[in-house]
Amino acid sequence: MDETALRIMQLHAQGYCCSQIMIWLSLDDMGEDNPPLVRAMAGLCEGSSCGALCGVASGAACVLSLYAAKGSDEEQPLDCYPIMLSQFMDWFKSTATEWGGIRCEDIVSYQGGIKPEVCGDIMLRSREIILGILTENNLDPSLPREQSNRY
């Protein structure tokens, strides 16, 4: 078991949901602490509490946005931003048949209940894809947007 898997298990044991864990891992990468952001990510938990889009997928979209979207009047979204989102969602949708679909409700139903190991695997695989997409677009996951050369 690698360090990321252990961190996911630790955060889950502390009561954080998948979307919160996805953003927390990126904050860890950057050496940042942002409780309001982590708190806000809870709104995406369990498909926004109605079984909609998997919180890992919506959390991943937020992670990519953290690195590439507009966040102030002085910023513009990076040109690669919509392509990055599309790449991730295309991958997620094409892979989702393995775990039951793209909606939290479908995944839980397909798996026979909420299973942390299934969600953990989805998080690990999604994180790998996210890191690859960031790297392909010359974005350093260890740097907040404000410190990158892409500001």
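The largest pocket has a volume of about 430 Å³. Of the 25 residues that line this largest pocket, those closest to its centre are His12, Cys18, Pro116, Cys119 and Met123. The model is predicted, so local features need pLDDT of at least 70 and side-chain atom pairs count only at pLDDT 80 or more, while totals for chains, interfaces and linings use all residues. Residues are numbered from 1 along each chain as its sequence is written, and side-chain values use heavy atoms, with hydrogens and water left out.

**Pockets**

- A pocket is defined on a 1 Å grid over the protein atoms alone, as an open set of points where a 1.4 Å probe fits, with protein on both sides within 12 Å along at least five of seven lines, and its lining residues have an atom within 4 Å of a point.
- Grid points are joined across faces, edges and corners, and a volume is the space filled by probe spheres set on the points.
- Two or more residues of the lining of the largest pocket come from each of helix 1, helix 2, helix 4, helix 5 (55-68), helix 7 (104-111) and helix 8 (116-136), and helix 8 gives the most, with 7 residues.
- Helices here are DSSP runs (H or I, at least four residues), numbered from the N terminus.
- The lining of the largest pocket divides into 19 nonpolar, 3 polar and 3 charged residues, where Ala, Val, Leu, Ile, Met, Phe, Trp, Tyr, Cys and Pro count as nonpolar, Asp, Glu, Lys and Arg as charged, and the others, Gly among them, as polar.
- The second largest pocket has a volume of about 270 Å³, and of the 16 residues that line it, the closest to its centre are Asn34, Leu66, Pro144, Arg145 and Glu146.
- For the second largest pocket, the elements that give two or more residues to the lining are helix 2 and helix 5, and the lining residues divide into 6 nonpolar, 4 polar and 6 charged.

**Cysteines**

- With a disulfide taken as a pair of cysteine sulfur atoms within 2.5 Å, the count comes to 1 disulfide, formed by Cys17 and Cys45 with their sulfur atoms 1.8 Å apart.
- This pair links distant parts of the chain, 28 residues apart, with Cys17 in the loop between helix 1 (3-13) and helix 2 (18-30) and Cys45 in helix 4 (residues 45-51).
- The torsion about the S-S bond of Cys17 and Cys45 is about -65°, so the disulfide is left-handed.
- Both Cys17 and Cys45 are buried, a term that means under 20% relative accessible area, whereas exposed means over 50% and partly exposed in between (1.4 Å probe, protein chains only).
- Cys54 is buried, with a relative accessible area of 6%, and its sulfur is 5.4 Å from the closest cysteine sulfur, in Cys18, which is too far for a bond.
- Cys80 is also buried, at 9% relative accessible area, and its sulfur lies 17 Å from the closest cysteine sulfur, in Cys62, again too far for a bond.

- Ser19 lies in helix 2 and is buried, with a relative accessible area of 0%.
- The side chain of Ser19 reaches the backbone nitrogen of Cys45 at 3.5 Å.
- Not counting residues up to four places away in sequence, Ser19 touches Met41, Leu44, Cys45, Gly55 and Gly59, a contact being heavy atoms within 4.5 Å.
- Asn138 is found in the segment after helix 8, where its phi is near 55°, a positive value in a residue other than glycine, and at 61% relative accessibility Asn138 counts as exposed.

Conventions: A polar contact is a pair of N or O atoms within 3.5 Å; within protein, one must be able to donate a hydrogen and the other to accept it, and residues adjacent in sequence count only if both atoms are side-chain atoms.
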